[in-house]
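Let's take a walk through a protein model together. Keep the picture open while you read.

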There are 2 protein chains.
Amino acid sequence: MGATGAVGQQMKEQLEKRNFPINNIVFLSSSRSAGKKIDFNGKVYTVQEAKAESFEEIDIALFSAGGSVSEKLAPEAVKRGAIVIDNTSAFRMSKDVPLVVPEVNKGDLRLHKGIIANPNCSTIQMVCALQPLKELFGLKKVVVSTYQAVSGAGIDAINELKMQSIDFDNAKQAEAKMLPVKSAEHHYPIAFNVIPQIDQFADNGYTLEEMKMINETKKIMHDDALAVAATCVRLPVVTGHSESIYVELDKVATVEQIKQAIKNAPGVKLMDDPSNQVYPMPLMTAGLDEVFVGRIRQDLDNPNGFHLWVVADNLVKGAALNSVQIAEALIEENIV
Amino acid sequence: MGATGAVGQQMKEQLEKRNFPINNIVFLSSSRSAGKKIDFNGKVYTVQEAKAESFEEIDIALFSAGGSVSEKLAPEAVKRGAIVIDNTSAFRMSKDVPLVVPEVNKGDLRLHKGIIANPNCSTIQMVCALQPLKELFGLKKVVVSTYQAVSGAGIDAINELKMQSIDFDNAKQAEAKMLPVKSAEHHYPIAFNVIPQIDQFADNGYTLEEMKMINETKKIMHDDALAVAATCVRLPVVTGHSESIYVELDKVATVEQIKQAIKNAPGVKLMDDPSNQVYPMPLMTAGLDEVFVGRIRQDLDNPNGFHLWVVADNLVKGAALNSVQIAEALIEENIV
């Protein structure tokens with residue numbers, strides 16, 4: 001569901017690339033995109049308008065078409081026997097809905113009641129990098145500042161960045177309709193700019209994106225006492241979120257121990273050699289599956305404190321890949 | 001000195017705009033740029049090649065032509081009776097050299113022995129925002145992640161961003177010669193990318209830019225015990241550095257008190273109204289004198305902790321304006 005969107009396209013590619021076992025696949029969308037053609041494993045499919053009945057005989061339904069669509073159709077899919085893996089924020093904080101990053105809390109899948117939520121893109125890559133540190137040293141406090149790509153706001157936002165980038169000298173006057181939030185009152189150019197707003201503001205002055213990172217991290221890591229703070233920022237980058245993370249551990253550690261922990265962990269890749277200018281950057285890691293970690297440094301004042309630079313493709317591990325990995329885990333664990 | 005560079009041009013504009021009292025002005029540069037014409041207050045000047053003798057009869061010499069030039073020529077200027085205001089990092093941490101942001105430590109000017117250092121751009125805007133909090137509540141710890149513009153790396157870096165931005169679809173293959181560091185072995189495209197390296201790496205894994213922010217902040221604020229951590233990151237933005245700052249205060253405060261403190265402080269401007277999507281952004285504040293502060297939020301776990309979003313034009317308050325303000329203070333305080 002949402003097959004023609006930026007994440008939907010990535011989901012299709014992940015299913016192909018990973019040889020996901022499929023008897024029958026149906027590509028769904030809103031009425032607006034229905035009728036489009038999609039090439040999947042060498043066969044052409046016509047995108048169909050999603051209705052409640054579309055989910056008859058479906059085992060696993062991947063949803064990525066916005067929260068209101070999920071709210072309406074995910075329960076219909078569940079009613080018809082599908083397990084829904086939902087990439088929107090609609091159900092993430094619901095008590096009955098597991099919120100899963102397979103590398104971190106695969107076990108939670110067994111608790112599902114029909115819907116499993118895929119976390120927010122910026123949350124996924126952070127918890128992948130933090131989980132190995134948690135297992136070895138414990139986590140006390142996390143302060144993250146994000147550097148997020150426009151693809152998180154959809155294909156129209158990518159096109160807007162592209163159009164705005166052409167007129168370097170008049171960037172300030174560039175037409176802006178998509179960012180920071182399509183439905184918001186004010187829109188700002190993103191080319192050659194930085195927008196410290198992603199999603200709407202909550203009453204406490206944090207954005208919903210920031211609250212997602214805070215609340216989802218506690219839920220995924222099963223630790224309500226973990227202190228998490230986030231500042232989420234949109235940049236003129238097409239794909240790939242970066243995060244500057246300061247973490248305070250329960251126990252003292254060394255940089256070498258942190259590097260070793262990252263090296264041994266699933267889904268993450270150490271990319272950290274300052275003397276050769278090796279560190280992750282979004283332009284270089286776009287399209288790749290892993291969460292890349294570099295710039296690992298001990299805080300100069302607190303031996304329990306460490307700074308990390310974490311980059312991942314927000315459409316891949318941050319969305320499509322994680323959803324497909326959840327589907328794979330459902331099969332592996334005989335849940336589906 | 002360095003009249004034809006990005007900062008030199010801004011210095012000239014600030015001197016004009018602020019009606020700085022001048023009897024005689026000389027524009028200096030390397031031999032490469034000597035002979036160029038500069039229009040100043042309606043009169044055309046020819047840029048001259050800088051030599052030791054260029055500083056005869058000069059009261060105040062503004063230097064912004066790189067550290068090695070300052071190391072060579074600043075002592076010559078002092079020998080000839082000039083007070084040097086140096087915008088490079090050459091002398092900033094020298095014991096005998098005051099490092100001054102007038103809003104924070106104007107009093108240090110009296111201790112000068114010929115050279116006064118202008119701090120690093122990213123340091124200046126941070127201490128301007130933190131000083132009012134320090135005065136009212138005390139500072140314990142600062143964790144900053146920066147979002148820095150390419151103009152900090154000079155005019156050639158701006159042109160490189162411009163060239164790279166034209167070919168949106170092949171950004172990864174774009175020619176890169178300037179960033180992260182012109183003299184470094186590897187160069188990476190900055191358009192549609194994020195580079196977590198500014199300046200060279202120190203042995204401890206921090207970059208020199210990060211160490212500047214850490215050490216300069218302690219020196220300017222006269223507080224060696226202040227814990228400061230920095231992650232410095234270059235973005236595809238032309239002008240205007242942004243900073244996501246987490247600060248722990250000695251005393252508990254409220255968001256309203258922090259806002260009031262910023263409102264009452266010199267050189268900083270509160271720009272913080274989330275309900276109307278008002279917060280500072282580099283594209284909108286480029287060319288302006290003030291340090292803009294928004295997104296002020298209390299940490300959700302620590303009542304002494306606050307998050308700020310601080311934006312300033314790195315060529316204006318971050319360099320040229322601060323240097324000219326130092327010169328103005330020298331006159332006001334009868335030091336020159």
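What follows goes from the interface between the chains to salt bridges, annotated sites and some backbone details.

First, some ground rules. This is a predicted model, so to speak of a local feature we need pLDDT of at least 70, and side-chain atom pairs count only at pLDDT 80 or more, while totals for chains, interfaces and linings use all residues. Residues are numbered from 1 along each chain as its sequence is written, chains are lettered from A and ligands numbered from 1 in the order in which they are written, and side-chain values use heavy atoms, with hydrogens and water left out.

**Where the chains meet**

On the chain B side, B:F192, B:Q277 and B:L283 supply 12% of the area that chain B buries against chain A, more than any other three residues.

There are polar links across the interface too. Between chain B and chain A, the count is 38 residue pairs in polar contact, both residues at pLDDT 80 or more. A polar contact is a pair of N or O atoms within 3.5 Å; within protein, one must be able to donate a hydrogen and the other to accept it, and residues adjacent in sequence count only if both atoms are side-chain atoms.

**Salt bridges**

Side chains of opposite charge can pair when their charged atoms come close. A salt bridge here is a side-chain nitrogen of Lys or Arg within 4 Å of a carboxyl oxygen of Asp or Glu. The count over all chains comes to 36 salt bridges, and the count between chain B and chain A is eight. Here are some examples to find in the picture.

| Salt bridge | N to O distance |
|---|---|
| A:R297 and B:E210 | 3.3 Å |
| A:E333 and A:K106 | 3.8 Å |
| B:E76 and B:K79 | 3.5 Å |
| B:K106 and B:E332 | 3.6 Å |

Helices (H or I, at least four residues) and strands (E, at least two) are DSSP runs, numbered from the N terminus.

B:E76 and B:K79 make another kind of pair: both lie in helix α2 (residues 67-79) of chain B, three residues apart, about one turn of the helix. Are these two buried or exposed? B:E76 is partly exposed because its relative accessible area is 21%, and B:K79 is exposed, at 63%. The cut-offs are under 20% relative accessible area for buried, over 50% for exposed and partly exposed in between (1.4 Å probe, protein chains only). In chain A, A:E56, A:E76, A:K79 and A:R80 are linked in a network of salt bridges.

**Annotated sites**

The UniProt annotation "binding site", from an unreviewed entry, covers nine positions including A:T4, A:S151 and A:N314. The annotated residues are spread over 311 residues of sequence, and also in space, up to 25.1 Å between C-alpha atoms. UniProt positions are given in the numbering used here, feature names are shortened, and annotations may be inferred rather than shown by experiment.

A:T4 sits in the segment before α1 (6-17) of chain A. Leaving aside neighbours within four places in sequence, A:T4 is in contact with residues including A:Q9, A:S33 and A:I155. A:S151 lies in the loop between β8 (139-147) and α5 (155-166) of chain A, and A:S151 counts as buried because its relative accessibility is 2%. With neighbours within four places in sequence again left out, the contacts of A:S151 include A:I158, A:V238 and A:N314.

**Backbone details**

Most residues other than glycine have a negative phi, and most peptide bonds are trans. Look at the peptide bond from A:L179 to A:P180, though: this one is cis, with omega near 5 degrees. In chain B, a cis peptide bond joins B:L179 and B:P180, with omega about 5 degrees.

A:F192 has a positive phi of about 55 degrees although it is not a glycine. A:F192 is in the loop between α5 and α6 of chain A and counts as buried, at 4% relative accessibility.

Methods
Contact means heavy atoms within 4.5 Å. Buried area is the accessible area (1.4 Å probe) that two parts lose on being put together, summed over both.
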